[in-house]
Amino acid sequence: MAVRGRARKKDHTPVMRQFLGAKGQHPDAIIFFRLGDFYEMFYDDAVRAAGILDIALTSRGTDPEGNKIPMAGVPYHAAAGYLAALLRHGEKVAICEQMAEPSSARAVVPREVVRVVTPGLCLEPDALDARAENFLVAATSDGGVAALELSTGTLRACVVELGPQWVGELVRLDPAEVLIESGARELEALCKQSLPRTALRSVELRGGAQALSELLSAEQAAELSSQEPAARAASLVLDYARAHQADSQIHQATLYTAGDRLVLDDAAVRNLELVRTLDGERRGSLLQLLDETKTAMGARALRSRLLEPLTDIERIRRRQDAVELFFADARCRDQARARLGEIGDLERLAVRTAVGLATPRDLGVIRNGLASAEVLHQELSTRPGSELDDSMASLEGADLCTDVLALLRAALVDEPPAIDRQGGIFADGHLAELDELRKLSTTAKDIVLDLERRERKRTGIGSLKIKFTRVFGYYIEITKSKLDAVPDDYVRKQTIANGERFITAELAELQDRILHADERARALESAAFLDLRQAIGDQAPRLHRLARIIASIDTSAALAEVAHCRGYVRPRVDASRELFLEDSRHPTVECYAAEDGFVPNTIALSPEGTRLMILTGPNMSGKSTAMRQAALAVIMAQAGGFVAAKSARIGIVDRVYTRVGASDHLARGQSTFMVEMMEASAILREATERSFVILDEIGRGTSTYDGLAIAWAVAEHLHDATRCRAIFATHYHELCELADRLDNAANYNVAAKEHDDSMVLLHQLVPGGSNRSYGLAVARLAGVPPVVLARAKTKLKELETRAEAAAVPQMPLFEAEPPPRSEVDATLEALDIERMTPVDALVTLARLRDLTRHDDE
Ligand code: ADP
Ligand code: MG
């Protein structure tokens with residue numbers, strides 16, 4: 001067998017043997033196998049990639065059994081986009097390069113896998129969203145979570161209680177790839193459910209905490225013993241990075257705890273549309289609205305500020321101070337933002353430089369960014385009449401990496417090329433030998449020009465030209481009609497359609513000198529570039545620190561810009577448990593949805609006054625909007641920004657919980673009611689006195705009385721036991737009675753005016769309960785035909801009479817049996833007119849007609 005196996009392997013071509021070797025090293029990756037100007041893929045890789053990339057599947061030769069070898073290829077110069085597409089599909093790609101220029105001397109060019117790229121271990125700008133972090137996350141069964149951002153070289157780890165919080169953490173990180181400790185089935189299931197599109201891998205836990213502790217500050221390393229699970233999760237990540245040759249650029253790690261920040265569960269992140277709308281779009285999200293940042297680093301920082309608002313009052317105030325400075329001084333803001341606009345992604349470029357992926361152009365971007373940072377620093381520190389506040393002080397004492405800037409300024413040409421092999425990288429005067437070679441080459445080229453003039457004169461051929469191509473080198477071109485005049489010492493090189501090409505001894509000699517000098521210059525520049533890149537790469541940690549400061553200034557300036565343009569105000573953030581928003585607005589509805597202008601509303605909750613607000617009102621009146629805008633104000637305030645209101649006071653919130661909407665889970669195959677109950681139970685278990693809870697029509701997913709009973713009990717619990725600030729929107733008017741009974745609850749409704757059957761939505765929050773649902777008026781607004789409305793009106797009267805007759809005098813909900821209901825009643829009550837399509841309406845109508853006929857019989 002062994003002999004046959006060996007013999008068989010020998011039958012593969014040498015190139016295929018190279019491929020099989022690479023595949024053997026990286027069996028789970030698609031091999032990008034460099035063949036000349038293409039990256040080729042073979043066998044199953046080819047089949048898979050062809051499907052994902054929609055490229056042609058061909059074949060190349062046959063295997064030893066005589067079967068065709070499937071092949072698919074992408075051009076070398078366009079590989080980045082294809083690579084990005086494969087990564088988006090969760091694939092790993094191993095890049096196998098030619099390790100020498102192909103030459104005829106050697107039979108096969110040596111090839112090696114130089115890099116393995118996975119969705120979470122990726123430094124390719126094409127595959128990364130410049131404005132969002134790209135996390136590789138690992139999780140252990142004991143709650144360890146570690147997140148690596150390779151493109152910025154940072155790792156963070158924490159311990160999170162398994163369950164909703166854990167899911168919340170994962171959803172917030174929004175990882176590109178997740179590693180789950182092998183055997184942790186439950187985690188895997190949770191992960192598949194909450195991140196259905198993310199690449200998920202099960203990996204063995206091997207290493208100890210050693211690697212992590214080396215990356216931590218001494219202070220944090222000491223804490224490590226109490227954070228065992230975090231350390232284990234970190235070692236999953238570090239092992240994986242090492243296995244993919246990607247561990248060297250990780251330069252910093254931090255341990256964090258959920259308590260340092262405002263906790264948002266995944267429902268809150270999703271329902272409040274913080275970074276994406278419910279449809280998955282960035283447009284329409286809060287982030288999109290607030291993102292006036294000018295740098296990629298700033299955009300990423302803003303995003304993580306929104307997803308991880310603070311709970312520490314001092315830190316929040318410092319951020320607010322920075323925003324206020326730019327808010328108050330428009331000139332300074334404009335100037336700073338213009339400057340920031342010139343700064344490239346120093347953070348990611350520093351890592352690309354450190355790992356040897358940066359191009360000469362990238363180094364040029366670093367140089368320009370550092371130069372602009374220097375000017376920014378100057379402008380900010382010479383602002384007239386400003387005492388230094390914290391954010392600026394950080395820039396004040398910042399290491400501006402002036403030595404790096406000086407080196408790059410001296411070394412590079414103004415616009416360095418995107419490739420490092422063709423020369424043209426270094427400025428004159430930087431490398432003496434290069435200057436010499438360039439002079440040689442230029443002189444020789446001048447002589448060529450001179451030679452052209454001389455030969456024209458000597459031969460009398462005015463159209464004689466000396467030309468150059470990369471393939472043929474220098475030659476003298478003579479058109480057909482002048483061939484008679486060609487001197488004897490011209491040696492013919494090539495015949496072309498309209499003439500011939502010649503060489504002379506002198507031209508050959510010049511060509512030698514030029515090509516030789518050019519080639520030496522290129523080699524010299526390539527080598528010098530590697531040295532320069534290494535030197536800059538060694539400074540990556542310093543560049544990172546500067547990048548963080550720039551990101552923070554950019555974020556502050558952006559928040560100030562938005563606050564200025566949209567009329568936001570600095571909220572007072574304190575240790576109370578107040579929530580007071582005077583004339584507040586919903587930032588995105590105001591901007592994208594409210595065509596006739598947004599009606600501001602004042603929302604006030606306080607521990608001694610109204611803690612629990614029960615909100616009723618017609619459909620479409622603005623209940624959901626009002627409660628969301630309160631939650632968004634809390635998040636924006638604790639992120640350090642201003643809020644959409646006339647004035648605001650926000651006592652620190654530790655968690656924001658939401659239960660909003662009912663439709664978004666359906667796609668995941670969970671029953672709405674089940675999801676509602678899971679979320680409600682998480683809230684009831686975890687919420688504290690400091691939490692802020694918004695519940696939008698909970699209980700809606702089940703039959704009326706179940707739903708009402710549950711809503712009632714949940715509201716009571718929040719009021720009596722949790723004692724947190726909460727807004728509870730409901731279509732159960734019965735709940736209004738609850739507010740009357742409880743000390744710290746109050747009814748509010750969103751007002752509407754009704755004339756006859758028509759209704760005007762005022763979107764105005766007013767005290768008191770509303771006792772009507774305006775369902776018919778909404779149905780009319782929605783365009784339900786008059787005949788149907790008329791019939792529904794009769795039916796409603798009938799139902800109301802019957803209900804009155806059967807009414808239970810008070811509201812002892814849990815003792816009373818529900819009144820007997822006909823199927824017509826049930827159908828009408830269950831109508832969800834907001835969500836009905838015209839066809840639904842007609843079908844329901846037909847059913848109602850059938851039912852009433854039946855009833856009448
Ligand atoms: P509800 O939850 O009461 O059914 P929504 O909060 O979903 O109503 O609001 C429905 C629509 O009404 C929103 O999409 C928005 O366009 C508009 N709206 C809500 N509140 C306001 C407001 N305060 N001012 C102006 N338009 C509003
Ligand atoms: Mg609503």
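**Ligand shell and a helix pair**

Helix H23 (residues 623-638) contributes three residues to the shell around ligand 1, the most of any element; helices are DSSP runs of H or I with at least four residues, numbered from the N terminus. The model is predicted, so local features need pLDDT of at least 70 and side-chain atom pairs pLDDT 80 or more, while totals for chains, interfaces and linings use all residues. Residues are numbered from 1 along each chain, ligands from 1 in the order written, and side-chain values use heavy atoms without hydrogens or water.

**Exercise 1.** Describe the residues around ligand 1 by class.

*Solution.* Step one: the shell has 15 residues, each with a heavy atom within 4 Å. Step two: Val 599, Met 620, Lys 623, Ser 624 and Thr 625 come nearest. Step three: six are nonpolar, eight polar and one charged.

**Exercise 2.** Find the polar contacts of ligand 1 with Val 599, Met 620 and His 763.

*Solution.* A polar contact is a pair of N or O atoms within 3.5 Å. A backbone N or O atom of Val 599 is 2.8 Å from a ligand nitrogen. A polar backbone atom of Met 620 lies 2.7 Å from a ligand oxygen. His 763 uses a polar side-chain atom, 3.5 Å from a ligand nitrogen. The protein covers 83% of the 560 Å² of accessible area (Shrake-Rupley, 1.4 Å probe) that ligand 1 has on its own.

**Exercise 3.** How do H5 and H6 pack?

*Solution.* The axes of H5 (residues 164-173) and H6 (residues 185-194), lines fitted to C-alpha atoms over the stretch in contact, are 11 Å apart at about 50 degrees.

Terms used: Polar contact = N/O pair within 3.5 Å; in protein donor to acceptor, adjacent residues only side chain to side chain. Helix = DSSP H or I, 4+ residues; strand = E, 2+ residues; numbered from the N terminus. Nonpolar A, V, L, I, M, F, W, Y, C, P; charged D, E, K, R; others polar. Axes fitted to C-alpha atoms, helices over the stretch in contact; angles between N-to-C directions.
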